[in-house]
Amino acid sequence: MPDQVGLELIATALGEEIPGSVLETAFFRAQAGLLIAPETVRQVLAALRQSHGYRSLMSVHGVDYYPHEPRLGVHYELLDMERVDRLTVKLRVPLDQPNIESVTPDWPTANHQEREVFDMFGVHFDGHPDLRRILMPEDYEGHPQRRDFPLGGEPVLFTHNEVGSPGWTR
Amino acid sequence: MEVIREGIGGPQSFRERGLLARDLLRGDLEGLELERLVEQSILTTTLDRAVDWARSNSLFPATFGLACCAIEMMSIVAARVDVARFGFEAFRASPRQADLLILSGRVSIKMAPVVRRIYDQMLEPKWAIAMGACSSSMGVFNNYAIVPADKFMPVDVHVPGCPPRPEALMHGILKLRKMIQDDPDVSWRERYGAVGTEELLPEASPTAENAGA
Amino acid sequence: MLRSYLPAIVFLALGATVGGAFAYLNTALGPRRKIASKTEPYECGLPSEVKYGFRFGISFYLIAMLFILFDIETIFLYPIAAELRAFGAFALFEAITFVVLLFVAFVYVWRRGALEWR
Amino acid sequence: MDEVSARSEYRKLEESITLSPLEEQVASQRDFSGGTTEVLTLNIGPHHPATHGVLRLLVTLEGEVVRDLRPIIGYVHTGIEKTAEDKAYWKAIPVIERMDYLSYYFNALAFCGAVETLLECEVPKRAQYLRVIHLELNRIMSHLVWLGTSALDLGAMSMFWYCFREREMILDLFEQSSGQRMHTRYFQVGGVIEDIPLGFEAKLREFMAIMPGRVDQYNDLLKRNEILLQRLRGTCPLDEQSLLALGVTGPLLRASGNPWDLRKAAPYSSYEDFSFKIPVGTVGDNYDRYAVRVAEIYESVKIIEQALDGLPEGPFITEDRKIALPPRHELATSMEALIHHFKLVTEGFRVPPGEVYYPIESPRGELGCFVRSDGSAKPARVHMRDPSFVNLQATAAMTRGSYIADLIATLAMLDPILGGIDR
């Protein structure tokens with residue numbers, strides 16, 4: 001894991017290379033996190049690959065920070081196999097215009113994972129080869145993993161909410 | 001159906017019965033003893049019971065491995081809980097050659113029409129076992145993505161457990177086998193009194209006539 | 001003349017009646033339910049998109065023909081093998097030339113590359 | 001989408017396939033066919049014996065040759081990540097264990113590891129060793145089920161019965177230590193629920209003595225089996241660079257020569273105490289993927305032996321009563337234990353707010369659990385980076401231009417678990 005100082009070095013280097021990209025750095029439980037501006041995601045990831053050696057993108061996943069704004073977050077887990085180093089690049093996108101640039105052209109592994117984030121959270125990835133729903137049926141309305149989407153399922157029948165005997169007892 | 005061979009007062013030892021059979025074949029056995037021997041060794045049944053006896057002992061399950069219960073379903077074919085002892089080990093891949101659908105796993109809303117179509121494409125007479133808590137009643141995942149099997153197809157046996165032990169599934173299959181032998185023609189709704197779950201076939205006439213299993 | 005064929009005729013008649021009876025009983029006794037999706041082709045549980053006038057590649061036909069050719073060859077060997085002692089050495093040489101002839105055909109087909117799948 | 005648009009959608013897919021130009025075919029191989037073959041789009045669909053679960057492959061075929069392949073998943077999507085957000089931390093473990101239903105101990109460890117990092121709770125040494133023993137037993141069981149079903153796909157029927165016979169022995173051990181065959185809920189946040197019973201060690205040593213011999217029997221049956229060699233050797237290779245670009249990890253990556261294994265690279269749960277080797281392939285075709293997994297079973301047996309020999313004494317769960325339930329006998333005497341017990345059982349422990357990504361090495365690759373907590377007793381977001389989900393993207397690259405039989409063999413060697421893919 002890049003330690004506190006290493007993270008700051010990376011942040012400043014990125015700040016000069018792509019002005020205005022790094023908004024915040026978080027070093028929590030010995031894991032380095034980098035909050036970046038949403039529109040610069042492709043350049044930041046390309047820069048991290050070229051100059052800082054993070055050659056593998058392990059995971060792309062979405063997070064819904066419901067009460068706080070901007071609400072929809074996307075995390076990119078980067079990994080450097082030589083130095084066994086991990087870095088999380090995070091970005092936050094508001095609900096009304098959830099468009100960010102897709103990184104699939106540079107990182108083919110993000111193809112299905114971005115489709116899952118689109119399917120579950122509604123973050124739209126421009127430039128994705130075929131952005132369709134991956135887990136839910138094609139014609140499903142709503143994005144299930146948002147915090148305000150109801151969990152669904154049937155109410156479990158207990159004595160207090162059972163309306164008459166449901167007819168199983170013959 | 002248990003065949004109870006009540007002991008008639010006649011000779012009991014194997015040797016004597018062998019001699020009696022020899023006399024019968026030679027044709028010098030008459031009267032009461034002949035009556036008794038014939039009564040003892042011939043089974044009378046109806047056509048239905050004979051057909052059901054054959055059907056229930058040769059169910060061909062359709063491999064329908066959805067999720068974790070599929071692994072336990074696979075292990076009933078393995079050596080320890082051998083389903084071949086009862087003649088059910090011929091797991092057929094296509095619904096055309098199967099007459100028992102073991103729904104092993106959780107049925108998601110995207111998979112429900114597929115399960116229904118495969119159940120329709122199975123030839124009559126067909127039965128369905130909902131294996132595990134997820135296909136019987138949404139089990140651990142009471143959420144937006146799971147559909148219990150009863151909502152879209154008639155199920156004969158529900159095997160509880162998550163995943164049920166292979167012995168539990170075996171017990172479910174044997175319970176279904178007994179059910180087939182007892183009274184198969186009554187459709188499963190009358191048999192369980194499941195009022196209100198009549199099956200509305202999309203293509204069949206819209207009146208809620210009872211389409212038997 | 002007819003008498004010598006009687007067993008064969010009886011055998012054929014019996015086979016036909018028993019086969020026909022089973023087929024008829026099956027449709028007569030078995031329960032039946034007309035559902036549209038039952039008659040549609042089975043494509044792993046999804047509505048099938050394959051159109052009817054579909055033209056398969058020639059390779060399928062080629063492989064099928066070669067299989068039938070060499071399969072018939074083995075069928076001819078059975079009667080010889082069954083009664084070889086009765087037929088004597090002549091039948092053995094007959095069978096060998098038969099197999100060698102077909103082997104030449106096999107080598108030709110093999111060199112022409114019809115066995116590799118395209 | 002109704003019938004008409006579905007049909008046209010397939011046609012558009014087919015136009016994108018360029019037929020292998022006929023002239024080149026005729027010139028190079030004295031082609032027999034002469035005619036043009038039509039492209040067939042077919043569903044190797046959700047209900048298919050060779051897809052190891054409800055995976056649907058939209059395959060565009062030209063005769064027997066796979067031209068294009070599009071995996072369509074979601075047929076066993078159970079919304080586990082959403083359900084986990086609605087449960088207390090330690091109640092979410094049974095739900096999370098049912099994600100990748102062949103390696104349930106790994107799901108539990110990834111989640112518990114993430115929560116323990118959030119809580120900064122130190123897991124006692126004995127619990128770490130017990131976890132390693134059960135993890136490696138689960139890895140052997142997962143590889144056995146893979147070997148049984150894959151050999152079945154390739155025609156070696158008897159392997160299925162051999163592998164499931166060994167699997168039953170492992171499940172007996174799981175049942176002895178935790179009471180349940182699958183989804184055992186044996187890992188607790190902070191350690192393990194119960195210490196191993198008395199007869200467990202003897203039975204485990206007996207299993208360890210038998211297992212390498214059994215794997216030798218599998219190798220005698222399969223390693224020089226001409227049919228299997230023809231089906232696996234040289235089929236559907238994929239080089240290391242495109243595997244890394246596709247984010248593939250686990251035995252698939254190691255088969256192509258890259259020895260990336262988190263147990264060695266970033267040791268967790270005291271894996272650094274054990275010495276074991278990482279089997280690595282060379283070419284990266286189906287045979288290497290098969291050989292790497294079978295060799296891993298030997299290594300897992302070695303790890304279990306070392307872990308069992310070096311099993312330290314001490315508590316099997318953390319002493320911190322805010323996280324772990326107090327033992328029963330204490331409830332009768334001390335008041336604090338009763339209060340802790342009540343607090344844990346009713347509301348569960350609260351986790352300081354933060355986000356953690358905890359990666360471990362599951363039998364199929366890197367399994368990382370991302371947990372975000374907002375300070376309450378329920379996780380705000382749980383995401384499982386499933387190795388099969390990412391590895392599945394490599395099937396199209398592997399099988400383009402190969403026969404259908406090779407596609408089936410590649411699917412078997414890919415070892416996808418649809419529960420983990422669809423979560």
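Let's start at one residue, L101(B). Not counting residues up to four places away in sequence, L101(B) touches A62(B), F64(B), Y119(B), M122(B), K126(B) and A128(B). Contact here is geometric: two C-beta atoms, placed from the backbone, within 7 Å.

Some ground rules. This is a predicted model: local features need pLDDT of at least 70, side-chain atom pairs count only at pLDDT 80 or more, and totals for chains, interfaces and linings use all residues. Residues are numbered from 1 along each chain as its sequence is written, while chains are lettered from A and ligands numbered from 1 in the order in which they are written.

Back to L101(B). It belongs to the largest nonpolar core, which has 173 residues. L101(B) is among the residues with the most contacts inside that core, along with L103(B), I129(B), I96(D), A110(D), F111(D) and V115(D). Helix α6 of chain D, residues 125-153, gives the largest share, 14 residues. A second, separate core has 33 residues, including A32(A), V41(A), L57(A) and V60(A).

Cut-offs for those words. A nonpolar core is a set of buried Ala, Val, Leu, Ile, Met, Phe, Trp, Tyr and Cys residues joined through C-beta atoms within 7 Å. Buried means 20 or more other C-beta atoms within 10 Å of the residue's own; 12 or fewer is exposed, in between is partly exposed, and C-beta atoms are placed from the backbone. Helices (H or I, at least four residues) and strands (E, at least two) are DSSP runs, numbered from the N terminus. As background, nonpolar side chains tend to be buried together in soluble globular proteins.

Next, chain B against chain D. 28 residues of chain B are in contact with 28 residues of chain D. On the chain B side, the elements giving two or more residues are α4 (68-77) and α5 (112-121). The largest share, four residues, comes from α4(B). What is the makeup of that side by class? It has 17 nonpolar, six polar and five charged residues. For those classes, Ala, Val, Leu, Ile, Met, Phe, Trp, Tyr, Cys and Pro count as nonpolar, Asp, Glu, Lys and Arg as charged, and the others, Gly among them, as polar.

Now chain D as a whole. It has 19 helices and eight strands. Of its 423 residues, 52% count as buried. The C-alpha atoms of chain D fill a box of roughly 90 × 50 × 35 Å along the principal axes. Of the chain D contacts with a separation of 6 or more, 70% are between residues 24 or more positions apart.

Helix α18(D), residues 404-414, is largely enclosed by the rest of the structure, because nine of its eleven residues are buried. Among them are D406(D), L407(D) and I408(D). After α18(D) comes D415(D), with a positive phi near 55 degrees.

The other detail is an open sheet of three strands, ordered β1-β2-β3 in chain D, with antiparallel pairing. Strands pair if DSSP finds at least two bridges between them. The edge strands are β1 (39-44) and β3 (65-72) of chain D, each pairing on one side only. β1(D) and β2(D), residues 56-62, pair over six bridges. There, N43(D) stands opposite L58(D).

Chain C next. It has five helices and zero strands. Is chain C compact or spread out? Its radius of gyration is 24 Å, well over the 13 Å the globule rule gives for 118 residues, so it is more spread out than a compact globule. The C-alpha trace spans about 60 × 50 × 20 Å along its principal axes. Buried residues make up 3% of the 118 residues in chain C.

Last, chain A. Strand β4(A), residues 72-80, is mostly covered, with eight of nine residues buried. β4(A) runs antiparallel to β3(A), residues 56-64, over eight bridges. V63(A) stands opposite G73(A) there. Nine bridges join β4(A) to β5(A), residues 85-93, also antiparallel. On that side, L72(A) has V93(A) as its bridge partner. β4(A) and β5(A) form a hairpin with four residues between them, and V84(A) in the turn has a positive phi of about 45 degrees.

Conventions:
Rg over C-alpha atoms; globule rule 2.2 N^0.38 Å.
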